[in-house]
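Hi,

Here is the structure I promised to pass on. Have a look at it first, and then read my notes below.

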Amino acid sequence: SDHMENICGYLMKYTNLVTGWQYRYFVLNNDAGLLEYFVNEQSRHLKPRGTLQLAGAVISPSDEDSHTFTVNAASGEQYKLRATDAKERQHWVSRLQICTQHHTEAIGKNNPPLKSRSFSLASQGSANSPGVQRRPSQNAVSFFSVGHHRLPTGKRVPIMQPDHLVDVREMMSQAEGQQRDLIRSIECLPASGHLTSLDQDLLMLKATSMATMNCLNDCFHILQLQHASQQKGSLPAGTTVSWLEPKISLANHFKNGAAQNFPAEINKPASVREEQSIAEPCQLTREPEEINPDEELEDICDDKEDDLGAVEEQRSVILHLLSQLKLGMDLTRVVLPTFILEKRSLLEMYADFMSHPDLFIAITNGSSPEERMIRFVEYYLTSFHEGRKGAIAKKPYNPIIGETFHCSWRMPKGSVTTDAGTNSSAHCPSEQVTLPKDPDGQAEPDYYVVKFVAEQVSHHPPVSGFYAECVERNMCVNAHVWTKSKFLGMSIGVTMVGEGVLHLLEHGEEYTFSLPCAYARSILTVPWVELGGKVNINCAKTGYSASINFHTKPFYGGKLHRVTGEVKQNMTNTVVCRVQGEWNSVLEFTYSNGETKYVDLTKLSVTRKRVRPLEKQGPFESRRLWQHVTESLRDGDIDKATEHKRALEERQRNEERLRAETETPWCTKYFLKDGDGWVYHKPLWKTVSAAQTQQTDSN
């Protein structure tokens, strides 16, 4: 194959903290399945400075930049490498992955997998049975072999394993049989009574025993690879390699030990086939679409996520999932069970943070920089309560790259807080800009319109961009968020990496802000969400800033969902407002003049967003894209929802693979890359700037 050519060239290799990055000359030997490196090209005829066996290795492009990638060998050794640019990285990564796959499919081809073998201890079914008789070492070839396919008889070269590996294999077989007997014994218990098959301690025992066996199989596989590589220094040409133990896909969830069966391709519903056959997004129109707010209707969906039944019923699935995870593991690429999903996309969740548009619009009505900063803090702290749907912690859909979400809110002008004794239109008259009037000369509506658009601009890493604006009040907010999730044992942590900027064009002010971390706690019982971490809000022009701490609950005592913060003037270091309370309950604002204000979030009015009907939405708008998954979840059909979800994810993987092979960059629709962030393609500050220029020219 043209893709299996030997390639070579200079890459930077990270050595250690002292030496740092160094240029080294790397050679990919496809025939031997080796990645070798030398000090320089001239020393290529000498012994390599280092060699990695690629069979069983994992090649991972780094999320930290577009040049770095890692090669993680099955032996545990790792190379951290850096190419000169993104194109060269893609070239090396794709060739290494092809070579790795070829040689990984080679080891143990003649081995039946462990789970398909009959275990003598399991068949005896007796706890006090003597150990299994060891097989003679001359039969080791039936357990381990690196075989040449279609070679004439007599030329087959069996590679014998040492006696100690045969002994290990026998002990593992015995342990596997005992573990299988244990699971059968637990599952045969009655569903009710003193000791049931759903007893939490027994389910935990079931999950940890499975995790232990998986870990042992991984360790044994590493020993097998090491021994195979030591036989003749490398694997001979024509050898095929495969995993000893098939890896358990996290997509194939188990319910009380039984695998879920999904219909074959021919029996898939038309909606699934449609999801799989949608054309490559870049082949669809990627031109930004102007959404007419008049086409949007008030949202009638009210999908509260308070149902505990599914979590209780699927606890064995959760335990099985936990048995596959490691502490600190990045969950970005882990397929989670469908039943823990909310019935909305992450992009729509960001929109739900805007459910108090009256507080958002009121920010620019503050009569002073101090008041505007305090109003922004008030809006910021009230946004998280409505962003969560119900008390139970569930996960929104991971947006597909290119997915978008549009909505708007209408806010009666009389319901928006203005200045105390000051007309809001009198602010900074020198900075007021009059946008072009309606060409039809229609009367100005008696409500403000806040428009929102979000787009998934990247898949790895998963980055979302969102933008909201109120043209009538000359204000907009632009943000990008990279969600990084990690497994923390009995909880899951999500870090929101990114930044948002609120633009008050009427005052020429910009407020930069970040987002707190989120945690799903008690994932084995009743999962709940809490926020944690410190966030900062800054306005460089006015010198005002806010520091807000979201406190996680301590192990003993303490309150849930506690938040504290203060607003200060940086030049004088004067605190002008302090805030404390719970971000999902009551907040207390204490001002420098001694006044106190209480905000009860549970009693705040929520303005329903307006969205276009499904039939008017594009194929990559969130609600239309996920409609079959959402409908299945509403009907309680987890299997069907999983099938639709898998079809969408498989299509995304196929598209990503095609782009990598053709070296075609992804084309975003509404957001443009700007340094490390993403900016809306037509932000209000550009529109206002153009209007200012037009007014100046006309004068």
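Let's start with Met496, which touches Tyr350, Val481, Trp482, Thr483, Leu515 and Pro516 once residues up to four places away in sequence are left out; contact here means heavy atoms within 4.5 Å. Met496 and Pro516 are 20 residues apart along the chain, yet their C-alpha atoms are separated by 6.5 Å. Met496 sits in strand β17 (residues 492–504), and its relative accessible area is 16%, so it counts as buried. Buried means under 20% relative accessible area, exposed means over 50%, and partly exposed is in between (1.4 Å probe, protein chains only).

Before going on, a word on the model: it is a predicted one, where local features need pLDDT of at least 70 and side-chain atom pairs count only at pLDDT 80 or more, while totals for chains, interfaces and linings use all residues. Residues are numbered from 1 along each chain as its sequence is written, and side-chain values use heavy atoms, with hydrogens and water left out. The helices (H or I, at least four residues) and strands (E, at least two) are DSSP runs, numbered from the N terminus.

Thr382 is in helix α10 (residues 369–387) and counts as buried because its relative accessibility is 0%. A polar atom of its side chain lies 2.9 Å from the backbone oxygen of Tyr379. Setting aside neighbours within four places in sequence, Thr382 is in contact with His356, Leu359, Leu587, Val599, Leu601 and Leu604.

Glu342 belongs to strand β11 (residues 341–345). Glu342 is also at 0% relative accessibility, so it counts as buried. Which side chain does the side chain of Glu342 make a polar contact with? That of Arg344, at 2.4 Å. (A polar contact is a pair of N or O atoms within 3.5 Å; within protein, one must be able to donate a hydrogen and the other to accept it, and residues adjacent in sequence count only if both atoms are side-chain atoms.)

Now the sheet. Seven strands form an open sheet in the order β4-β3-β2-β1-β7-β6-β5, with antiparallel pairing; two strands pair if DSSP finds at least two bridges between them. Its edge strands, β4 (50–53) and β5 (58–61), each pair on one side only. From one strand to the next, the twist averages 35°. Inside this sheet, β2 (residues 21–29) and β3 (residues 34–38) share five bridges, and Leu28 stands opposite Leu35 in β3. Helix α1 (residues 86–104) lies across β1 (7–14), β2, β3, β5 and β6 (68–72), at about 105° to β1. For such angles, axes are lines fitted to C-alpha atoms (for helices over the stretch in contact), and angles run from 0 to 180 degrees between N-to-C directions.

Further along, β27 (residues 671–674) and β28 pair in the antiparallel sense over four bridges. Lys673 has Trp678 in β28 as its bridge partner. Two residues lie between the strands of this hairpin, where Gly675 takes a positive phi near 65°. In a regular strand the side chains alternate between the two faces of the sheet. In β28 (residues 677–680), Gly677 and Val679 point one way, Trp678 and Tyr680 point the other way, and all are buried.

Cheers
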